[in-house]
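Dear colleague,

Please find below the structure I am handing over to you, followed by a summary of what was found in it.

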Amino acid sequence: RIPGCKMEKLFCLLWFCVALTSAQIDCGCNTVLLLDNSAEISAKDFNDVKGFATTVVSEVSTLMNGMNGPRIGVVSFSDKVTTVSPISASASSLLKAISGMNSTVGIPLIEDAIEKGTEMLLAAEQPGKCSTLVLLTAGAASFPGSVTKATETAKRGGITVVALGVGAFVNATEMEMAVSSPVQENFLHLSQFSGLSYVPHTLWNPCTVPLQYQDPDIDVCYCDVMFVLDAG
């Protein structure tokens, strides 16, 4: 377990090296983002998905230095799976690829996306010191148990599986079974896509102290509040 990681810091694994020291960056971690762009997600909400991916890449852009820096790949999925970007250490290429993504139609084939991401990580030209699949979806599995089964290959290959589920159609029970342990650190269920903006910004600020010394108390929740004001 990496010091300082909390459930809200879902991507602490991406910053394995950064969490250890701010003086020497030697990470080489590979991460593949699996982004749902199916009919479950409106065009407006998909902008939040793209914003999330853009922020994740932007946060590590200063650390992407080839062999020693983090590398990211991007996959989108609906009723077909598309490689938006292969695993890359080029932040500019990744940001351009993410910017060009569009929402589509069809059901989310989550298990196929997981298989594609796993294939990319296991076949990476530069094997990572750590490998992570990050699944972001608003849907559920095509068949009961298919998502959990798809992640088994990833886990056997040493890949950490984390997931962000958004909305009421997500099968939280299945996601909890699919992600790596500990579940409370690797699965986060949000009620709205706007909540995505709260996840990546707690990761790493290269201008500040190492991650283990940062422990912001951020709780992603949505509550109804009624103010009763005396106008007398």
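In this predicted model, the axes of helix H4 (residues 110-122) and helix H5 (residues 146-156) come within 8 Å and cross at roughly 5 degrees. Angles under 35 degrees count as roughly parallel, and H4 and H5 are therefore roughly parallel to each other. On the H4 side, the contact is formed by Ile110, Glu111, Ile114, Glu115 and Thr118; H5 contributes Ser146, Val147, Ala150, Thr151, Thr153 and Ala154. Sorted by class, this contact comprises five nonpolar, four polar and two charged residues.

H4 itself consists of 13 residues and spans 18 Å from its first C-alpha to its last, close to the 18 Å expected at 1.5 Å a residue. Its buried residues are Ile110, Glu111, Ala113, Ile114, Gly117, Thr118, Met120 and Leu121.

Turning to the nonpolar cores, the largest has 28 residues, of which Ile72, Leu136 and Leu196 touch the most other members. Two or more residues come from each of strand S1 (30-36), helix H2 (43-60), strand S2 (71-77), helix H3 (91-99), strand S4 (131-137), strand S5 (159-166) and strand S6 (187-190). H2 gives the most to this core, with seven residues.

Leaving aside residues up to four places away in sequence, Ile72 touches Thr31, Leu33, Val56, Val57, Val60, Met64, Pro86, Ile87, Ser88 and Leu94. Another core, of 23 residues, lies apart from the largest one and includes Phe77, Met120, Met175 and Val179.

Kind regards

Terms used. Residues are numbered from 1 along each chain as its sequence is written. This is a predicted model: local features need pLDDT of at least 70, side-chain atom pairs count only at pLDDT 80 or more; totals for chains, interfaces and linings use all residues. Side-chain values use heavy atoms; hydrogens and water are left out. A nonpolar core is a set of buried Ala, Val, Leu, Ile, Met, Phe, Trp, Tyr and Cys residues joined through side-chain atoms within 4.5 Å. Buried means under 20% relative accessible area, exposed over 50%, partly exposed in between (1.4 Å probe, protein chains only). Helices (H or I, at least four residues) and strands (E, at least two) are DSSP runs, numbered from the N terminus. Contact means heavy atoms within 4.5 Å. Axes are lines fitted to C-alpha atoms, for helices over the stretch in contact, and angles run from 0 to 180 degrees between N-to-C directions. Angles under 35 degrees count as roughly parallel, over 145 as roughly antiparallel, 65 to 115 as roughly perpendicular and the rest as oblique. Ala, Val, Leu, Ile, Met, Phe, Trp, Tyr, Cys and Pro count as nonpolar, Asp, Glu, Lys and Arg as charged, and the others, Gly among them, as polar. The expected span of a helix is 1.5 Å times one less than its number of residues.
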